[in-house]
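Here are my notes on the model, point by point. Please read them with the structure open.

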Amino acid sequence: MTKGQTAAGIVLPPLPDDLRRQEAHAPVVEGEPVIAILAHERQALERANARQGRTIQFYDDLTSRYGTRR
C-alpha cells in the first residue's frame, strides 16, 4: 500500500489487463485485396473502440463508487 492510499483510506481496484493492451494494425499481406485489408483494419478499430468503452465504464464505476476530487 502506498502512502497516498494509506492517507486516503481507499484501495482502488487494479486496472484490468485487457484495458492496457494496445491494438495492432491489421497486417498487410502482399497480394491480398485492399478491401480485405480494410475490413481487417476496421475490425481492429472496433476492438480498440470497445476497449476504450470498457475503460470509460471502469473509470465511471470508480468515480461513482469513490467520488471525484477537484
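1. Among contacts in the chain between residues at least 6 apart in sequence, 67% join residues at least 24 apart. Contact here means heavy atoms within 4.5 Å.

2. Basis. This is a predicted model, where local features need pLDDT of at least 70, side-chain atom pairs count only at pLDDT 80 or more, and totals for chains, interfaces and linings use all residues. Residues are numbered from 1 along each chain as its sequence is written, and side-chain values use heavy atoms, with hydrogens and water left out.

3. Secondary structure. The chain has 2 helices and 0 strands. Both terms refer to DSSP runs, numbered from the N terminus: helices are H or I with at least four residues, strands are E with at least two. Helix H2 covers residues 34–66.

4. Surface and burial. The chain has 70 residues, and 10% of them count as buried. Buried means under 20% relative accessible area, exposed over 50%, and partly exposed in between (1.4 Å probe, protein chains only). The accessible surface of the chain is about 6,100 Å². Carbon and sulfur atoms hold 57% of that surface. The areas come from the Shrake-Rupley method with a 1.4 Å probe; for residues, only the protein chains shown count as cover.

5. Arg51. Is Arg51 buried or exposed? Arg51 counts as buried, because its relative accessibility is 5%. Arg51 is found in helix H2. Leaving aside residues up to four places away in sequence, Arg51 touches Asp18, Leu19, Arg21, Gln22 and Glu23. With Glu23 there is also a polar contact: the two side chains are joined at 2.8 Å. A polar contact is a pair of N or O atoms within 3.5 Å; within protein, one must be able to donate a hydrogen and the other to accept it, and residues adjacent in sequence count only if both atoms are side-chain atoms.

6. Asn49. Asn49 also sits in helix H2. Its relative accessible area is 43%, so Asn49 is partly exposed. Asn49 and Glu23 are 26 residues apart in sequence. Their C-alpha atoms are 9.7 Å apart in space.

7. Glu41. Glu41 is another residue of helix H2. Glu41 is partly exposed, because its relative accessible area is 26%. Which residues does Glu41 touch, not counting residues up to four places away in sequence? They are His25 and Ala26. The Glu41 side chain reaches the backbone nitrogen of Ala26 at 2.9 Å. Glu41 and Ala26 are 15 residues apart in sequence and 5.0 Å apart in space, C-alpha to C-alpha.
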